[in-house]
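Colleague: I have some questions about the labels on this model. Can you take me through them?

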Amino acid sequence: MIHEIFSDFPSVAKKITAESLDVDIDGFFHTVRSRIESLLGEIKDFVSNIEPSLGGAVDNSSSKILYHINSIYEKTINMNQKRNEIVAKQIEKLKLNLLPEDELQERVLNITYFLNKYGPSLINRLFDDLEMFEFNHQILYL
């Protein structure tokens with residue numbers, strides 16, 4: 001996947017977002033509401049056969065139950081939106097680190113940044129890990 005980031009970053013960002021966040025919240029809660037309403041209808045029919053005046057109590061309880069289901073639905077939507085924002089920020093951070101100013105790192109960042117971060121032994125590691133006569137881009141994990 002790392003090579004895809006350099007060739008087509010927008011597609012990779014969409015792919016990451018789709019894999020990590022696509023959840024059919026509306027579909028799930030629609031199914032849950034339908035099932036609960038069906039069960040509550042069965043309860044109302046059952047208790048109304050025993051005592052017709054209990055139908056109102058079931059209706060009252062049903063509205064409270066559905067209110068709480070809707071409350072959970074709203075909270076789920078809000079949390080999913082926050083999670084989407086977090087993933088979007090992480091993807092943007094990835095892009096900024098791998099492709100600063102939409103350019104390759106070596107064209108924007110000076111080696112001084114990496115020497116300060118990883119110490120002077122970085123130079124020896126570069127000599128050890130990189131193929132000196134490989135003239136294509138190489139990826140080094142630090």
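Colleague: Why is Tyr113 called partly exposed?

Modeller: Its relative accessibility is 44%. Buried means under 20% relative accessible area, exposed over 50%, and partly exposed in between, with a 1.4 Å probe and protein chains only. Tyr113 at 44% therefore counts as partly exposed.

Colleague: What should I know about the source?

Modeller: This is a predicted model, where local features need pLDDT of at least 70, side-chain atom pairs count only at pLDDT 80 or more, and totals for chains, interfaces and linings use all residues. Residues are numbered from 1 along each chain as its sequence is written, and side-chain values use heavy atoms, with hydrogens and water left out.

Colleague: How many aromatic pairs does a search of the whole structure find?

Modeller: Three. Rings of Phe, Tyr and Trp (its six-membered ring) pair if their centres lie within 6.5 Å; planes under 30 degrees apart are stacked, over 60 edge-to-face, and the rest tilted.

Colleague: What makes Phe29 and Tyr73 edge-to-face?

Modeller: Their ring centres are 5.3 Å apart and their planes stand at 70 degrees, so the pair is edge-to-face. Phe29 lies in helix H3 (residues 25-50) and Tyr73 in helix H4 (residues 54-98), so the pair ties together parts 44 residues apart in sequence. Helices (H or I, at least four residues) are DSSP runs, numbered from the N terminus.

Colleague: Are Phe29 and Tyr73 buried or exposed?

Modeller: Phe29 has 7% relative accessibility, so it counts as buried. Tyr73 has 16%, so Tyr73 counts as buried too.

Colleague: Why are Tyr113 and Phe114 called edge-to-face?

Modeller: Their ring centres lie 4.9 Å apart and their planes are at 85 degrees, so this pair is edge-to-face. Phe114 is buried, because its relative accessible area is 17%.

Colleague: Which residues form one aromatic cluster?

Modeller: Phe28, Phe29 and Tyr73.

Colleague: How do you know that Arg33 lies over the face of Tyr73?

Modeller: Arg33 is at 4.9 Å from the ring centre. A charge sits over a ring if NZ of Lys or CZ of Arg is within 6 Å of the ring centre and within 35 degrees of the ring normal.

Technical notes:
Helix = DSSP H or I, 4+ residues; strand = E, 2+ residues; numbered from the N terminus.
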